[in-house]
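Please prepare a guided tour of this structure for a reader who has it open in a viewer.

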Amino acid sequence: MTTAPEPTATHESSTSEVTAHTPIIGVCAAFETATWGFWQQHAAIVPSTYLNKIAAAGAIAVGLPPDERAARNPELILDRIDGLMLIGGLDLTPGSYGAVRTRKTEATEPLRDTFELNLTRAAMHRDMPILGICRGMQILNVATGGTLHQHLRDQGFSEHRPSPGRLDDETFHQVEVRPESHAAALSGSGIQVVNSHHHQGVDVLGEGAVVTAHALPDRLPEAVEWPRHRYVLGVQWHPEAVELTHALTDFVTHTTPMRAGALLA
């Protein structure tokens, strides 16, 4: 197996021209303790890997920190973006899908959960394109009434977080992807190799959801889509990782600038 390039902290610029019609992708930020320079404090974080893949697909990313006001009125944000990305992070609060905490429940951030669930439901209502990655796929499932397995190993599934803190070849495993799906446009159809970094997964599917990729050999849902919508895809793997060559072009091309400034340009 060839050696994957090392991740870098630099932001890669897209060569595409930026205009008023360039899609704006809102990326829901992680909300955790971070360290930079002399500081260590709670911060909203969007890793550069997500930003790089969005820029490479011809869009502009804007970070969306959890906000109680926007959670109550998601339209404040949705009126200003063309697509929504839900990224990885902490466990969802079990109460958000009708469960209780167990000894295997890890750290949660209730404000982030509420913010992202409300934003997702409102975005789906207006048929805004959404891409959910890892935790983001779980947010999509819970937002539509689905549930999660709180710890996969307890339910007899394979280990899906073999190397905590890594997304390289040590985390690679096979998935079977349905042809002619959004998941196939992202990764290719049939048997594909992806990465994995999660200890929870989809249990009961949300309303309108269809599984378009399964992990092998344990058949855990690895991609879920909502076919009644223009573009709503959740993947359990990390396509933003530099170790995978997955482009976000299909997601970005499904966005249609609806902001007033774009329409008037």
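**Before selecting anything**

This is a predicted model, in which local features need pLDDT of at least 70 and side-chain atom pairs count only at pLDDT 80 or more, while totals for chains, interfaces and linings use all residues. Residues are numbered from 1 along each chain as its sequence is written, and side-chain values use heavy atoms, with hydrogens and water left out.

**Stop 1: confidence along the chain**

Colour the chain by pLDDT, the predictor's confidence in each residue on a scale from 0 to 100. The protein chain has a mean pLDDT of 89, and 90% of its residues reach 70 or more. Next, select residues 1-13, where the pLDDT is below 50; this stretch has 16 contacts in the model beyond near neighbours in sequence, a contact being heavy atoms within 4.5 Å. Where pLDDT is low, the predicted coordinates should not be read in detail.

**Stop 2**

Side chains of opposite charge can pair when their charged atoms come close. A salt bridge is counted when a side-chain nitrogen of Lys or Arg lies within 4 Å of a carboxyl oxygen of Asp or Glu, and by this rule there are seven salt bridges. Select arginine 126 and glutamate 75, which form one of them, with the closest N and O atoms 2.3 Å apart. Arginine 126 is in the loop between helix H4 (110-125) and strand E6 (130-133), whereas glutamate 75 is in helix H3 (residues 75-78), so that the pair links distant parts of the chain, 51 residues apart. Helices (H or I, at least four residues) and strands (E, at least two) are DSSP runs, numbered from the N terminus. Arginine 126 is partly exposed at 33% relative accessibility, and glutamate 75 is partly exposed at 29%. Here buried means under 20% relative accessible area, exposed over 50%, and partly exposed in between (1.4 Å probe, protein chains only).

**Stop 3: a network of charged residues**

Select arginine 112 and glutamate 116, which form a salt bridge with the closest N and O atoms 2.6 Å apart. Because these two residues are four apart in helix H4, about one helical turn separates them. Arginine 135 is buried, with a relative accessible area of 2%, and glutamate 116 is buried at 0%. Salt bridges that share partners join Arg112, Asp113, Glu116 and Arg135 into one network.

**Stop 4**

How many of the nine residues of H5 are buried? Nine of the nine are, so H5 is largely enclosed by the rest of the structure. Among these buried residues are Met137, Ile139 and Leu140. Glycine 145 follows H5 and has a positive phi, near 95°.

Now select cysteine 134, in the loop between E6 and H5. Its phi is near 55°, a positive value in a residue other than glycine. Most residues other than glycine have a negative phi, and most peptide bonds are trans. Cysteine 134 is buried at 6% relative accessibility. The structure holds zero disulfides, a disulfide being a pair of cysteine sulfur atoms within 2.5 Å. The closest cysteine sulfur to that of cysteine 134 is in cysteine 28, 15 Å away and too far for a bond. Cysteine 28 is also buried, at 0% relative accessibility.

**Stop 5**

Select threonine 171, in the loop between strand E7 (148-149) and strand E8 (173-177). Threonine 171 is buried, with a relative accessible area of 2%. Leaving aside neighbours within four places in sequence, its contacts include Pro162, Arg166 and Asn195.

Move to glutamate 180, in the loop between E8 and helix H6 (182-187). Glutamate 180 has a positive phi of about 55° although it is not a glycine, and this residue is exposed, with a relative accessible area of 85%.

Finally, select proline 217, in the loop between strand E11 (210-215) and strand E12 (221-225). The peptide bond from leucine 216 to proline 217 is cis, with omega near 5°.
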